[in-house]
Every structure is written in C-alpha cells, then in structure tokens.
Amino acid sequence: MARTVTCFPMHRQRGEVIRCAGNLDRFHGEQASRYWREEMRLVAHRLKAIDMSEAEVSKQVLLFTGVVTEEMQRAYVERALQQNDSK
C-alpha cells in the first residue's frame, strides 16, 4: 500500500507565522533579508523532503509570505493603538 504524507499548510501554522513575523520585526535591512531567505530555504527543504512538487512548494511559500506580512501589519496596528490608548 502506498503512503501519502499530507502537510498542514504553512500559511495556517499560526505559531510559525507569529514567530517569523516577530523575528522580522526585530531585524532590519540586510539582517532581515538574510533571516527571511534562510527561513524560506528551510521551509522549501522541509516541503521537498516530503516529495511536494516544486509548484506546490512555491505556492506554500507565497501564501506563507502573505500571512507573515499580514501578521506584521496587524501587530504594528495593535502597537499603535496601544500607544494611543496610553496617552
């Protein structure tokens, strides 16, 4: 019997999204770029290791990038609102 591995979509892994967004928020410039390239390299490696197609890996990376960006924006707005409330 053939086995099938199903990967939980990267963009729905909330803990990973929050971790990456938090790290990117702390890093700036080239350090942030290096961090993100390495994270995406590791993600692609993990997905390819379970025989995910190149097209699906690209799709997962794109979706993950989008939700990380949204999380960074959400966190920024939340901090801005908290700062306004404390004044």
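Visitor: Why is Arg79 called partly exposed?

Guide: Arg79 has a relative accessible area of 34%. Buried means under 20%, exposed over 50%, and partly exposed in between (1.4 Å probe, protein chains only). The 34% of Arg79 falls in between, so Arg79 is partly exposed. Please keep in mind that this is a predicted model, where local features need pLDDT of at least 70 and side-chain atom pairs count only at pLDDT 80 or more, while totals for chains, interfaces and linings use all residues. Residues are numbered from 1 along each chain as its sequence is written, and side-chain values use heavy atoms, with hydrogens and water left out.

Visitor: What makes Asp25 and Arg79 a salt bridge?

Guide: The N to O distance between their side chains is 3.4 Å. A salt bridge needs a side-chain nitrogen of Lys or Arg within 4 Å of a carboxyl oxygen of Asp or Glu, so Asp25 and Arg79 qualify. Asp25 lies in helix H1 and Arg79 in helix H3, so the pair ties together parts 54 residues apart in sequence. Helices here are DSSP runs (H or I) of at least four residues, numbered from the N terminus. Asp25, at 37% relative accessible area, is also partly exposed.

Visitor: Is Glu39 buried or exposed, and how do you know?

Guide: Glu39 has a relative accessible area of 11%, so the residue counts as buried. Its partner in a salt bridge is Arg19, with the closest N and O atoms 2.8 Å apart. Arg19 sits in helix H1 (residues 14–26) and Glu39 in helix H2, so this bridge joins parts that are 20 residues apart in sequence. At 31%, Arg19 is partly exposed.

Visitor: How many salt bridges does the whole structure have?

Guide: A search of the whole structure gives ten. One of the pairs is Glu30 with Arg37, at 3.0 Å from N to O. Glu30, at 46% relative accessibility, is partly exposed, and Arg37, at 48%, is partly exposed as well. There is also a network of salt bridges that links Arg14, Glu71, Arg74 and Glu78.

Visitor: Now to the rings. How many aromatic pairs are there?

Guide: The count is two. In one of them, Trp36 and Phe64 have ring centres 6.1 Å apart and planes at 0 degrees, so the pair is stacked. The rule asks for rings of Phe, Tyr and Trp (its six-membered ring) with centres within 6.5 Å; planes under 30 degrees apart are stacked, over 60 edge-to-face and the rest tilted. Trp36 is in helix H2 (residues 29–49) and Phe64 in helix H3, 28 residues apart, so distant parts of the chain are linked. Both Trp36 and Phe64 are buried.

Visitor: Which residues of H2 are buried?

Guide: In H2, the buried residues are Ala32, Tyr35, Trp36, Glu39, Met40, Val43, Ala44 and Leu47. They cover an arc of only 165 degrees around the axis, taken from the directions to the C-beta atoms, which puts them on the same side of H2. On the other side of H2, His45 and Ala49 are exposed.

Visitor: And what makes Arg12 exposed?

Guide: Arg12 has a relative accessible area of 56%, so the residue counts as exposed. Arg12 is in the segment before H1. Its C-alpha atom is separated by 8.5 Å from that of Val67, 55 residues apart along the chain.

Technical notes: Helix = DSSP H or I, 4+ residues; strand = E, 2+ residues; numbered from the N terminus.
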